[in-house]
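I am opening my notebook on a new structure. I will write down each thing I look up, one topic at a time.

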Amino acid sequence: MRRAIRLFLATFLLFTGAVTLAAPALAASAAPYRYTDCFTDGAYEICFSGRGVVKEQSTPSGNVLFKASGTSTYTIRENGVLIEQGSGRDNFVLHEKSGEPHVYHSNGKGQFTFDGVTCTYRYNVTYANGELRHVTDDFRCDG
C-alpha cells in the first residue's frame with residue numbers, strides 16, 4: 001500500500017505542479033516550471049518542491065501532445081525532527097485525439113528514507129486506446 005501511495009504521490013506532484021504552475025505558458029514550445037510549498041498538520045510539517053519543463057503541441061487535425069518531465073523532493077518533520085525525505089524524477093506524456101485521451105505514458109524513479117530504511121522505486125505505465133497496455137515497477141528497501 002505504501003508503494004502505491006509513493007508512486008501516486010510522485011506522479012501527482014509532477015503532473016499537478018506542471019499543470020497548475022505552468023498552465024499559462026503551455027502555448028509556448030517549452031515552458032519551465034518550479035513549485036515549492038510547506039504545510040503543517042499538528043506536529044507534522046510537510047514540504048515539497050519540484051521543477052522541470054512542460055510542452056504542448058497541437059496538430060492541424062486537432063490532436064494534442066502534452067509532455068512534462070521533472071524532479072521533485074519532499075521532507076516530513078515531526079516536532080522539527082526530520083522523519084522522512086525523498087526525491088524522484090518523472091516523465092509524463094499525454095496524447096489526445098479530438099479532445100479525448102488516446103495515449104498516456106508515465107515513467108520515473110526515486111528514493112525515500114523513513115525510520116532509517118532507504119527504499120528505491122522505478123515504474124513505467126502505458127495506457128492506450130482505452131486499455132492498460134504496459135505496467136512495470138520495481139520497489140526495493142535496504143536497511
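**Entry 1: a disulfide**

I started with the cysteines. Cys119 and Cys141 form a disulfide, and I read 2.0 Å between their sulfur atoms. I noted that this is a predicted model, so every value here is computed from it. Next I looked up the torsion about the S-S bond of Cys119 and Cys141. The torsion is about 105 degrees, so this disulfide is right-handed. The pair links distant parts of the chain, with Cys119 in strand S6 and Cys141 in strand S7, 22 residues apart.

I reminded myself what such a link is. A disulfide is a covalent bond between the sulfur atoms of two cysteines.

Is Cys119 buried or exposed? I found a relative accessible area of 5% for Cys119, so it is buried, as the cut-off is under 20%. Cys141 has 40%, so it counts as partly exposed.

**Entry 2: the other disulfide**

How many disulfides does a search of the whole structure find? The search gives 2. I looked up the pair Cys38 and Cys47, which a disulfide joins with an S to S distance of 2.0 Å. The link of Cys38 and Cys47 is right-handed, with 115 degrees about the S-S bond. Cys38 is partly exposed at 41% relative accessibility. Cys47 is buried at 14%.

I then numbered the bonded cysteines of the protein chain in sequence order. The pairing reads 1-2, 3-4.

**Entry 3: the chain as a whole**

The protein chain has 1 helix and 7 strands. Along the sequence I read the pattern α-β-β-β-β-β-β-β. The protein chain has 143 residues, and 29% of them are buried.

I also checked the surface. The accessible surface of the protein chain is about 8700 Å². Carbon and sulfur atoms hold 55% of that surface.

Residues 24 or more positions apart account for 38% of them.

**Entry 4: the sheet**

In what order do the strands stand in the sheet? I read S1-S2-S3-S4-S5-S6-S7, an open sheet of 7 strands with antiparallel pairing. S1 and S7 stand at the edges. Each has a single partner strand, so one side of each is left without a neighbour in the sheet. From one strand to the next, the twist averages 10 degrees.

I noted the general rule behind the pairing. Strands of a sheet pair through backbone hydrogen bonds, either parallel or antiparallel.

I picked S4 and S5 to follow in detail. They pair in the antiparallel sense over 14 bridges. As one case, I looked up Gly86, whose bridge partner in S5 is Phe112.

**Entry 5: the nonpolar core**

Which residues touch the most other members of the largest nonpolar core? I listed Val54, Phe66, Ala68, Tyr74 and Phe92, in a core of 13 residues. Strand S1 (31–41), strand S2 (44–58), strand S3 (64–78) and strand S4 (81–97) each supply at least two residues of this core. S3 gives the most, with 4 residues.

In soluble globular proteins, nonpolar side chains tend to be buried together.

**Entry 6: positive phi**

I searched for positive phi in residues other than glycine. Asp115 came up, with a phi of about 55 degrees. Asp115 lies in the loop between strand S5 (100–114) and strand S6 (117–128). Its relative accessible area is 65%, so Asp115 is exposed.

Asn129 came up too, with a positive phi near 50 degrees. Asn129 lies in the loop between S6 and strand S7 (131–142). At 48% relative accessibility, I wrote Asn129 down as partly exposed.

**Entry 7: a loop residue**

Is Asn63 buried or exposed? I first found its place, the loop between S2 and S3. Asn63 is at 19% relative accessibility, so it counts as buried, as the cut-off is under 20%.

I then asked which residues Asn63 touches, leaving out those up to four places away in sequence. The list is Gln57, Ser58, His95, Glu96, Lys97 and Ser98.

Conventions:
Residues numbered from 1 in each chain as written. Predicted model: local features only at pLDDT ≥ 70, side-chain atom pairs only at ≥ 80, totals over all residues. Heavy atoms only, no water. Buried < 20%, exposed > 50% of the residue type's maximum accessible area, 1.4 Å probe, protein only. Contact = heavy atoms within 4.5 Å. Areas by Shrake-Rupley, 256 points an atom, 1.4 Å probe, with all protein chains shown as cover. Disulfide = S-S within 2.5 Å. Core = buried A, V, L, I, M, F, W, Y, C linked by side-chain atoms within 4.5 Å. Pairing = 2+ DSSP bridges. Axes fitted to C-alpha atoms, helices over the stretch in contact; angles between N-to-C directions.
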